[in-house]
Amino acid sequence: AIREFHRDITADNFMNPPDRVALFESFKKEQMERHDRRCDVLAKLGRLNNDDLASELVNNIRVEFSNLNAEELKGIKQLYDSLVKLKHAKQDEAEKRREDLRHELHKYGALHLEPDTEFFANQMEEVVQSPELEEFMRKSGGLKAELVKIVKLLRDPNMIYQKVLDQAIVSLTVVQCGRDLEETLELQGKSSLRKMA
């Protein structure tokens with residue numbers, strides 16, 4: 001489903017929509033027509049000579065240029081407005097496609113049983129609150145605080161979201177790093193430092 005979504009969203013329908021291509025082609029055609037008409041008016045101006053030069057003729061040519069310029073500006077505005085309208089339509093279409101994907105993924109998610117995070121939270125809480133481990137927890141630096149944080153994260157209803165899950169992973173990684181600490185200190189000949197602490 002995700003592969004299909006990426007294929008759709010990167011296809012020409014969104015990256016280079018046919019409607020937009022048609023708009024540019026139409027605008028280019030109109031622009032070329034105006035250019036040809038402008039060249040005709042310019043040629044007409046070039047054919048004037050001192051013998052038959054009159055203010056009325058010059059003014060008529062000026063009006064023709066002015067009209068062509070107004071048409072050009074109008075064409076540019078129409079193109080801009082059409083592009084903005086098309087952009088919003090494509091944005092709505094892309095958002096609908098995304099929501100369709102989200103709906104489909106929720107269906108897949110519903111097929112999987114959720115992990116019993118409360119069970120793991122309870123087990124970890126027993127370790128944190130165990131009287132037998134109280135001295136160990138006191139000597140273990142920030143272990144107890146990390147375990148309490150993990151218990152809290154396991155009970156967070158937002159655990160389904162990546163941001164909360166990432167926090168839990170970081171905390172678990174910190175705890176896991178200390179698992180082989182005793183053995184590592186012994187290999188380095190520093191186990192006495194640990195006992196002193």
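The structure is a predicted model, in which local features need pLDDT of at least 70 and side-chain atom pairs count only at pLDDT 80 or more, while totals for chains, interfaces and linings use all residues. Residues are numbered from 1 along each chain as its sequence is written, and side-chain values use heavy atoms, with hydrogens and water left out.

In terms of relative accessible area (buried under 20%, exposed over 50%, partly exposed in between; 1.4 Å probe, protein chains only), Phe119 is partly exposed at 42%. Phe120 is likewise partly exposed, at 44%.

Salt bridges were identified next (a side-chain nitrogen of Lys or Arg within 4 Å of a carboxyl oxygen of Asp or Glu). The whole structure contains 14 of them. One of these joins the side chains of Asp8 and Arg7, at 3.9 Å from N to O. Asp8 is partly exposed, with a relative accessibility of 23%, whereas Arg7 is exposed at 54%. Arg7 and Asp8 also belong to a network of salt bridges that includes Arg97.

A further salt bridge links Glu99 and Arg98, with an N to O distance of 3.2 Å. Glu99 is partly exposed at 34%, and Arg98 is partly exposed at 39%.

Glu146 and Lys149 likewise meet in a salt bridge, at 3.7 Å from N to O. Both residues lie in helix H7 (residues 143-154), three residues apart, or about one turn of the helix; helices (H or I, at least four residues) are DSSP runs, numbered from the N terminus. Glu146 is buried, with a relative accessible area of 17%, while Lys149 is partly exposed at 40%.

A nonpolar surface patch of about 270 Å² is made by Ile2, Leu105 and Tyr108. Patches consist of residues with over 30% relative accessible area and no salt bridge, nonpolar side chains (Val, Leu, Ile, Met, Phe, Trp, Tyr) being joined within 5 Å and like charges within 9 Å. Accessible areas come from the Shrake-Rupley method with a 1.4 Å probe, and for residues only the protein chains shown count as cover.

Note on methods:
Helices (H or I, at least four residues) and strands (E, at least two) are DSSP runs, numbered from the N terminus.
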